[in-house]
Every structure is written in C-alpha cells, then in structure tokens.
Amino acid sequence: MTTLTRSLCAFWNSSIGKKIVVAVTGLIFIAFLAGHLIGNLLVFVGQEAFNEYAHWLHHLGHGGAIWAARIVLLGSLVLHVVATVSLTRANRAARPSYAKEDTIQASRSSRVMIWSGLTVLAFIIFHILHYTVRVDSQLAELGKEDPWKMVIVGFQNPAASIFYVIAMVLLCSHLAHGFSSAFQTLGLNSSKTRPTLQLIGKAYAVLICLGFISIPISILFFGYGN
Ligand code: HEM
C-alpha cells in the first residue's frame with residue numbers, strides 16, 4: 001500500500017474525514033442545483049430556447065462535458081450517501097442511553113436529515129429514469145426530437161408531478177439544514193456568522209425548491225405548454 005493510499009484510507013476511516021466528504025459532495029450538489037434550475041427555468045422562455053439549451057448541453061466539448069459532469073455527480077452522490085449512512089450507524093452505536101437535551105435535539109435533526117436524504121435519493125433515481133434514461137417510450141421519442149415537449153408531457157402525468165412536488169419539499173428541508181452544516185464542518189462558520197449562514201441556507205433552499213416546483217405546478221394545474 002502506498003503512503004497516499006494509506007492516508008486516504010485513514011482519512012475515510014475517521015469520522016471527521018467522512019464529515020468532510022459529506023460537506024464537499026453536498027456543496028457540489030448545492031452548486032449543481034442552482035445551474036440545473038436556471039437551465040430548467042428556460043422551459044418558461046419557450047420551446048426554442050429550452051431545446052437550444054438542451055442541444056448545447058449535450059454537445060458541449062463534443063459531448064464530453066455532460067459525461068464529465070455525470071461522473072462527478074454520480075461519484076459525489078455515492079460518496080455522500082455511503083458516508084452519511086456510515087456516520088449515522090456509528091452515531092447510533094455510540095449513543096448513550098441517557099442523553100442531554102441538546103444531544104437529543106442533534107440526533108432528532110440528523111434523523112430528519114437521513115430520511116429526507118433517502119427520499120431525495122429515491123427521487124434522483126426516479127428522475128434519472130424519467131428524463132435521462134427515459135424508460136417511458138413516448139418520453140424517449142420526444143427526448144430526442146423535442147426535450148421541451150418531453151418535460152411538458154412528463155409533467156402532465158399527475159402522479160409524476162405530485163411526486164416531484166413532495167420530493168422538492170423534502171429537498172428544501174434537507175438543503176436548509178445541509179447548507180450551514182457543510183460550512184460548519186469545513187470550519188467556515190463561527191458563532192458570529194452562524195445565524196447569517198443559517199438564514200442564507202434556508203433562503204437558498206426555499207428559492208431552489210419554489211423554482212423547481214413552479215415547473216410541474218404550471219404544467220399540471222395551469223396548463224402551461226398545452
Ligand atoms: C422540476 C424539476 C426538474 C426538472 C424539470 C428537471 C429536468 C431534468 C432533465 C430534462 C434532465 C435530463 C438532462 C439530459 O440528460 O438531457 C435532468 C437530469 C438530471 N437532474 Fe433534473 N430536473 C428537475 C429537478 C432536479 C432535482 C431537484 C435534482 C436533484 C436533487 C435533479 C438532478 C438531476 C440529475 C442528477 C440529472 C442527471 C444529469 C444527466 O446525466 O443528465 N433534477 N433533469
């Protein structure tokens with residue numbers, strides 16, 4: 001085993017190492033969500049603008065950029081989930097039978113994080129099958145010719161749209177807490193800046209989620225794109 005491999009193993013095996021992995025991969029997703037939302041909001045600019053954007057994304061760097069982004073996102077997702085599940089297990093095993101109120105509070109909020117996180121994970125799997133792999137043959141056909149129409153037809157399905165809205169609400173709760181936690185883990189937070197970062201985290205989460213929710217709601221309930 002080389003020194004680098006040994007250091008990486010020691011980092012991964014430590015609790016702080018895993019927390020840093022969770023924080024960094026979480027921040028990668030936070031940045032991705034802003035870009036993904038801006039791109040998706042082009043659905044309201046119109047069919048041509050959205051399709052041009054989809055075409056540009058798929059052909060950037062001769063098609064290499066989207067694959068590079070997919071590898072980074074998938075790698076981040078796997079590391080984020082494996083590290084959080086492992087930290088949660090270790091916390092449970094170490095929890096004393098008697099605990100102070102703030103310990104109970106912290107474990108309650110981490111329990112909420114693990115459940116909202118697992119729902120977001122289920123959502124991401126569903127979402128990739130829905131719009132990237134396109135298991136529905138009608139969406140697969142549209143995805144090649146007209147991605148804008150694919151999004152419209154996809155959200156005309158009430159079950160899919162309602163699932164998206166529920167998942168976005170849980171994503172909001174996950175992001176609101178995760179945002180300031182990530183800064184805290186990376187030591188970029190002090191008792192002075194904590195309230196501001198918490199506020200920014202909550203505002204960011206609400207904006208991201210309202211932005212995403214506006215798409216299925218406009219299509220399903222207001223007939224956008226008909
Ligand atoms: C209304 C909400 C959303 C819409 C309309 C939407 C739309 C899309 C579309 C059309 C694609 C396929 C891109 C392509 O390959 O052509 C996609 C991919 C993806 N989306 Fe979303 N998205 C939404 C919300 C989200 C959220 C909340 C997340 C994360 C929690 C997310 C994560 C992803 C990921 C990881 C991919 C795979 C990237 C790829 O390989 O193509 N999306 N989304």
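Six donors count as octahedral if opposite donors are over 155 degrees apart and all others between 65 and 115. This is a predicted model, in which local features need pLDDT of at least 70 and side-chain atom pairs count only at pLDDT 80 or more, while totals for chains, interfaces and linings use all residues. Residues are numbered from 1 along each chain as its sequence is written, and side-chain values use heavy atoms, with hydrogens and water left out.

**View A. The iron site of the ligand, with His36 and His127.** The NE2 atoms of His36 and His127 coordinate the iron atom of the ligand at 1.9 to 2.0 Å. Donors are N, O and S atoms within 2.8 Å of the metal (3.2 Å for Na, K and Ca); water is not among the atoms, so sites may look incomplete. The angles among the six donor atoms run from 85 to 178°, and the site is octahedral. Because His36 belongs to helix α2 (residues 15-41) and His127 to helix α5 (residues 101-132), the pair ties together parts that are 91 residues apart in sequence. Helices are DSSP runs (H or I, at least four residues), numbered from the N terminus. His36 is partly exposed at 25% relative accessible area, and His127 is partly exposed at 21%. Buried means under 20% relative accessible area, exposed over 50%, and partly exposed in between (1.4 Å probe, protein chains only).

**View B. Cys172 and Cys209, two cysteines in no disulfide.** The structure holds zero disulfides, a disulfide being a pair of cysteine sulfur atoms within 2.5 Å. For Cys172, the nearest cysteine sulfur is that of Cys209, 4.2 Å away. Cys172 is buried, with 19% relative accessibility. Cys209 in turn has the sulfur of Cys172 as its nearest cysteine sulfur, at 4.2 Å. Cys209 is buried at 3% relative accessibility.

**View C. Asn51 and its contacts.** Asn51 sits in helix α3 (residues 47-59) and is buried, with 19% relative accessibility. Leaving aside neighbours within four places in sequence, Asn51 is in contact with Asp146, Pro147 and Trp148. Contact means heavy atoms within 4.5 Å.

**View D. Positive phi at His62 and Arg134.** Most residues other than glycine have a negative phi. His62, not a glycine, has a positive phi of about 55°. His62 lies in the loop between α3 and α4 (64-94) and is exposed at 86% relative accessibility. Arg134, also not a glycine, has a positive phi of about 55°. The place of Arg134 is the loop between α5 and α6 (137-145).

Technical notes. Four donors count as tetrahedral if all angles lie between 85 and 135 degrees; four count as square planar and six as octahedral if opposite donors are over 155 degrees apart and all others between 65 and 115; anything else is irregular. Helices (H or I, at least four residues) and strands (E, at least two) are DSSP runs, numbered from the N terminus.
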